[in-house]
Amino acid sequence: MAHDDVDPDDSSDRLTIGRRIRARRLERGLSLRELAEALERAPSQLSVIENGRRELRLGELRRIARVLGVEVEDLLRQEAPSRRAALEISLEKAQAGALYQGLDLPDLPVRRSLSDAAIETILRLHDELEHLHRERAATPEEARRVNGQLREEQSRSGNYYPELEATARDLLARIDHRGGPLSHRKVSLLAAELGFSLHSVGDLPHSTRSITDAENMRIYLPLERSATDPRTTVLQAIAAHVLGEEEPADYGELLRQRVEVNYLASAMLLPEAGAVDFLRSAKAQRELSVEDLRDEFSVSYEIAAHRFTNLVTRHLELPVHFLKTHFSGAIVKAYQNDAVRFPTDALGAVEGQLVCRWWSARQVFQSEDRMSPYCQYTDKPGGTYWCTSHIEPGPGGEFSISVGTRFEHTRWFRGRETTRRFASSCPDQECCREPEPAAEDRWQGSVWPVARLHASLLAAMPSGTFTGVDRVAMLEFLDRHSPQPDPRGAPSQP
């Protein structure tokens, strides 16, 4: 590995480099103070480097190597300098991981008094716990891990995908859409432009939102009305076709396809150029609002909130976060690029975790005013955030849709004048996860609740498929509805 390619943010590299520096120092019989003096540094600064807790610039590394009389490449080698160093690095990495952090255990300082055998025992226990978590992690848990990886990718990109924005522009140009809301008529025109006919049917399999028959160029839609905008359903089917999506082979493909399809559909409903112009104008007036974006383009609040996160970081330089939360407090979707700390389980998954009771995402359910925007400030361990939340109905109850940002960016948003303010110390258990001692004592031993056992606890996915689609029902449906050949040679309609 060339040393110019070292990633200074890779904690495992920093740990290994630090341990190699310490090993070479001890080989030369130098104390920490003696090497620090030779480098004209404080011993505490050198200790931080040897413990891998600070990134090291290449120039600094060269100077250290020169004082120690070794080549830079020797300090950059990936293998630990000794078995003891390898154990210490493994223990440091384990303590920094999601599993250890989720156990709420105190940090274990790596001292000389901690024997190799003790470290090995701790690491084996950690590995066994991790193994048990992964064994317990059935298919839905696997999906949540993959979703976490996707969420990190979205955060790094600001949740903005230029290639999908370009595809949306090309598709809208084919029907000469020049701005404003995308009407039902224009969605139908786009389907026709791509060669599809639309068919609303009463027997669409319950496990599907739509079915696309690419052989006969048909898109089947549910006949009954639902909370889902039919434009969204058609555009998602069109997006899957345009992107050349095939049946996914694993959860990674399934979730990545879902992200891309939803993004492209939203980019057609709220075209980038028009939406960015609208948002820039609102920012100039210090009146940024998800509600206004929703009303301007005649979409649901959730789609407007998603699109808001797609565009404001890229074009308005505003880091934000997004939450969709069930009324029970469980997270359904989450995204952030503003360093807000979501609750996670031992595997780092966010979905399914309970949001703090004091966050806007849950406080909004206490509000009796469902017409006005709900806004609040929340003092969290990572800083103060401002959030706006809105409630929308959906399958399984009500959901809050929240968009938030750090305190220093609130001057651009409508609702910044709110006086609502709460403090949250989650994940500290004393914040909102433990009952008041008086209530605990009052009801101790006299209450026996009957829990609502979620079906997903025992069988989260239909057997035989990880997508949740009943393939038997889907293929039977296609057999019923596909055009039947006419005896005279021309296809006939069913």
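**Entry 1**

Which residues in H14 meet which residues in H16? Before looking, I noted that this is a predicted model, where local features need pLDDT of at least 70, side-chain atom pairs count only at pLDDT 80 or more, and totals for chains, interfaces and linings use all residues. I also noted that residues are numbered from 1 along each chain as its sequence is written, and that side-chain values use heavy atoms, with hydrogens and water left out.

From H14 I listed Glu272, Ala275, Val276, Leu279, Arg280 and Lys283, and they meet Arg307, Phe308, Leu311, Val312, His315 and Leu316 in H16. Sorted by class, this contact of H14 with H16 has seven nonpolar, one polar and four charged residues. For the classes, Ala, Val, Leu, Ile, Met, Phe, Trp, Tyr, Cys and Pro count as nonpolar, Asp, Glu, Lys and Arg as charged, and the others, Gly among them, as polar. A contact here means heavy atoms within 4.5 Å. Helices (H or I, at least four residues) and strands (E, at least two) are DSSP runs, numbered from the N terminus.

Next I looked up the geometry. Two packed helices are described by the angle between their axes and the distance between the axes. H14 covers residues 272–284 and H16 residues 301–316; they pack at about 70°, with their axes 10 Å apart. The axes are lines fitted to C-alpha atoms, for helices over the stretch in contact, and the angles run from 0 to 180 degrees between N-to-C directions. H14 and H16 are therefore roughly perpendicular. The cut-offs are under 35 degrees for roughly parallel, over 145 for roughly antiparallel, 65 to 115 for roughly perpendicular, and oblique for the rest.

**Entry 1: more on H16**

Is H16 mostly covered or mostly open? I found 12 of its 16 residues buried, among them Tyr301, Ile303, Phe308 and Leu316. Buried means under 20% relative accessible area, exposed over 50%, and partly exposed in between (1.4 Å probe, protein chains only).

His315 lies in this helix, and with a relative accessible area of 24% it is partly exposed. Leaving out residues up to four places away in sequence, His315 touches Tyr160, Glu272, Val276 and Arg280. Tyr160 is 155 residues away from His315 along the chain, yet their C-alpha atoms are separated by 9.9 Å. Just after H16, I saw that Glu317 takes a positive phi of about 55°.

I then turned to H10 (residues 162–174) and H13 (residues 251–269), which pack at about 50° with their axes 9 Å apart. H10 and H13 are therefore oblique to each other. Their crossing is right-handed. On the H10 side I listed Leu164, Glu165, Thr167, Ala168, Leu171 and Leu172, which meet Glu260, Tyr263, Leu264, Ala267 and Met268 in H13. This contact divides into eight nonpolar, one polar and two charged residues.

**Entry 2: loops**

Asp176 is in the loop between H10 and helix H11 (184–193). Its phi is near 55°, a positive value in a residue other than glycine. At 44% relative accessibility, Asp176 counts as partly exposed.

Glu40 is in the loop between H2 and H3, and it too is not a glycine but has a positive phi, of about 60°. Is Glu40 buried or exposed? At 68% relative accessibility, Glu40 counts as exposed. Arg41 sits in the loop between H2 (32–38) and H3 (43–50) and is partly exposed, at 24%. Apart from neighbours within four places in sequence, Arg41 is in contact with Ala36, Ile49, Arg54 and Glu60.

**Entry 3: cysteines**

How many disulfides are there? I counted zero, where a disulfide is a pair of cysteine sulfur atoms within 2.5 Å. Cys426 is in none, and the nearest cysteine sulfur, that of Cys432, is 3.6 Å away. The sulfur of Cys431 is 3.7 Å from the closest one, in Cys356, which is too far for a bond. Cys426 is buried at 14%, and Cys431 is buried at 15%.

The peptide bond from Cys426 to Pro427 is cis, with omega near 15°. Pro427 is in the loop between strand E9 (421–423) and helix H18 (429–432).

**Entry 4: the whole chain**

Last, I noted 20 helices and 11 strands in the protein chain. Of its 494 residues, 43% count as buried.

Methods. A crossing is left-handed if the near helix is turned anticlockwise from the far one by less than a right angle, and right-handed if clockwise.
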